[in-house]
Amino acid sequence: MILCRMSWKTTLLIAALFQSTKLIYVRAFDTVAFDSVVTKLKADAQEFAAEVERLYANRCNTETMVSCINANYGECQTKPYPQEKCLGEASYQIDACGSSQSASCGGLWDTSVSSVRIPAEYATGPGGNPTDPKLVESICFSRYLDEWFVQKHAADLEYWRSYGVEPRSMYFGSQNGAFRIYPARQSEECGTFDHRLRPWYVAGSSGPKNVVLILDTSGSMKDYSRIGLLKQAAQRIVSTLTVSDRILIVPFSGTAQPITTTDGYMFEATRENKEILATKIDDLKAEGSTKFYEAFDQAFRVVEKTAEKELTASCNTAILFLTDGQNTEGPDLGNVTALVDKRIKDISARLNKSVLLFTYSISDDDRVHVYPNQLACSVEFGLWSKISQDNQIVDSLSSYYRLFALGLGTENNKDFAAWVEPYQFQTGNAWGTTVSVPVYDRSKSPPLFLGVVGVDVSLEALDAALGANATTSQELRDESIRRIVEYSDASCPTTLGLSSCELEAYRAFGAPGDEAMCGVNCTGFEVAQVQEEACPTQPDYPKSLFVDGALPIGGPGLVEYPKRACCVTGNFTASFMDVCVVGGAGGDDKDGDDQPSIGLIVGVVVASVFVLCCCLYFICCSDGQSSQSNSAAIGTGVPIAEAWVPPPVTPHAVCSPINPAWVHPEATAPPSVHDEEHSFEDDTRDKAKDP
């Protein structure tokens, strides 16, 4: 080993070499470019929502229904899409399509059309077709989005390529269950996806919020497996939340045991915290008596403590209370009502936002339903739901956000958009996020909620907009995520915007009907429409919506996913079985394509150590002879390395006006654009259900 004496100047220079990457990282942030990309994405989503609203207004046109017959592509096809093509770039890789040493394997995509997905329970007609008129309307009027999709994709190509990515997926999910996604591609499972359970949809229809679950876990919940259904409902609610939300769960029986952070606060709904809560929910047991006062008191204490530290979402709050029995211990119901009314007013005043109370009761005993109904009517924003069958527990509790959606359509909230915590896309092993915007029928008062649109973006584009040296990629990625989370927290609706009569109409719309109403005195002019109505002039709806070869929920004749969706890059038909191998064999394993070998890692490490030693030897041994020149060099202010300059931010192209004479591209030549995979939220508990 060679030893030499180093001066303090040499030591400083060495430290500067090690820290230069981080210094460049800090200086290189381009906030203007990042904000420009985010602003564009929000504008794109709002333009998308406006187009859906325009098409909805014309949904009752006879031509809309006639042209819809056998005109929609499904998520599961026995025949190819009209212009599908195989793409094998990294961002289009699909795990199920495997890999190969001799060819690039990918999936088939079609940027000339969109495809439709519906939950299997709605496919009640022949051939997997829906029969609900409103669901049929949603599929038919949204079919005209294909023109907008194709034009938008082409207009944005150069913009996104300047950031090193392709345009990502766009989709519309209706509140009645129809889901249309562009570009079209096959699904691994048929009829299992319900977009209304995804965080991007719930965030887009409710905004950031505080959610408090006060759940009866007394001994009677053992009956009819109710405790299992209660757990399932709580799991579903937690899974739909995003990082901008806060969540508290308070199981109660004779005592209440709030599930909080170690410091006693509400949980931020991050991916990690949701996993913690999922485990806690699984551990719930049904035992003991029923004490309402204790449950509410403990819940309010935690919310107030969290609010004092300004750790709540500074938006609306939803309190969900479910019981299957009567109060058996503690203060009487009058004291419970007084407590709830006072503490809700206190929290609302502190946050300067609305607090909504949702009460749920399930029992064959009518006496059990009396108090939850009375309690809901005792507060400004209260809603009671009577659950008549045990299997309704899950759907009833998880639909609370619809009331938020009803109030989001006001003019004050017209600029609202929601962002979700970055997640791993289902394809390409890439990470990204979604900006979503609610859609309304604005001819109604209040505007009638129709669904949510979503636009995906890869984090690669956001990283490029920020700009940094490649050696700081992890720090850059963390910064991109941090900024997206900030946008999520900032997207708070200005007001709930519901009058007492509009809320009364929503109560009548629920399962108990008039039984849930609170006796608000409303004139005929004040009663609001809160539910979609089928077209009044439509005598007959098409009974066959899908093209020949589409199997919306699967069925005989549908081969397994790899045989109908996987392919060799550049091909126009599925060719999975010829070349590509799932899981890999020998050198074909996918991990071998994406990760360096151990030998390569060792080689890089050894070479790096050798180069570093040479540099140190040169520095220390020349220090005594050239300290003056070193000092002069440091003093010049010449940068040690050049920071990477991001591509210029150019205004995105505006789509050409909608052309009434537009012809469906089915018979035209394939567009000279790349197909893009659809990215979806990574639900680690049930990823197979992601589209």
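Guide: A salt bridge here is a side-chain nitrogen of Lys or Arg within 4 Å of a carboxyl oxygen of Asp or Glu, and a search of the whole structure finds 32 salt bridges. The model is a predicted one, in which local features need pLDDT of at least 70 and side-chain atom pairs count only at pLDDT 80 or more, while totals for chains, interfaces and linings use all residues. Residues are numbered from 1 along each chain as its sequence is written, and side-chain values use heavy atoms, with hydrogens and water left out.

Visitor: Why is the meeting of Glu 53 and Arg 442 called a salt bridge?

Guide: Their side chains meet at 3.2 Å, N to O, and the definition asks for such a nitrogen and oxygen within 4 Å, so the pair qualifies. Glu 53 belongs to helix α2 (residues 31–57) and Arg 442 to the loop between β14 (431–441) and β15 (448–458), so the bridge ties together parts that are 389 residues apart in sequence. Helices (H or I, at least four residues) and strands (E, at least two) are DSSP runs, numbered from the N terminus.

Visitor: What makes Glu 53 buried?

Guide: Buried means under 20% relative accessible area, exposed over 50%, and partly exposed in between (1.4 Å probe, protein chains only); Glu 53 has 16% relative accessibility and therefore counts as buried. Arg 442, with a relative accessible area of 33%, is partly exposed.

Visitor: What makes the approach of Arg 180 to Ser 142 a polar contact?

Guide: The two side chains come to 2.9 Å, and a polar contact is a pair of N or O atoms within 3.5 Å; within protein, one must be able to donate a hydrogen and the other to accept it, and residues adjacent in sequence count only if both atoms are side-chain atoms. The side chain of Arg 180, a residue of strand β5 (residues 179–182), also reaches the backbone oxygen of Ile 139 at 2.9 Å.

Visitor: Why do Glu 304 and Arg 343 tie parts together?

Guide: Their side chains meet in a salt bridge at 2.7 Å, N to O. Glu 304 lies in helix α9 and Arg 343 in helix α10 (residues 333–351), so the pair joins parts that are 39 residues apart in sequence.
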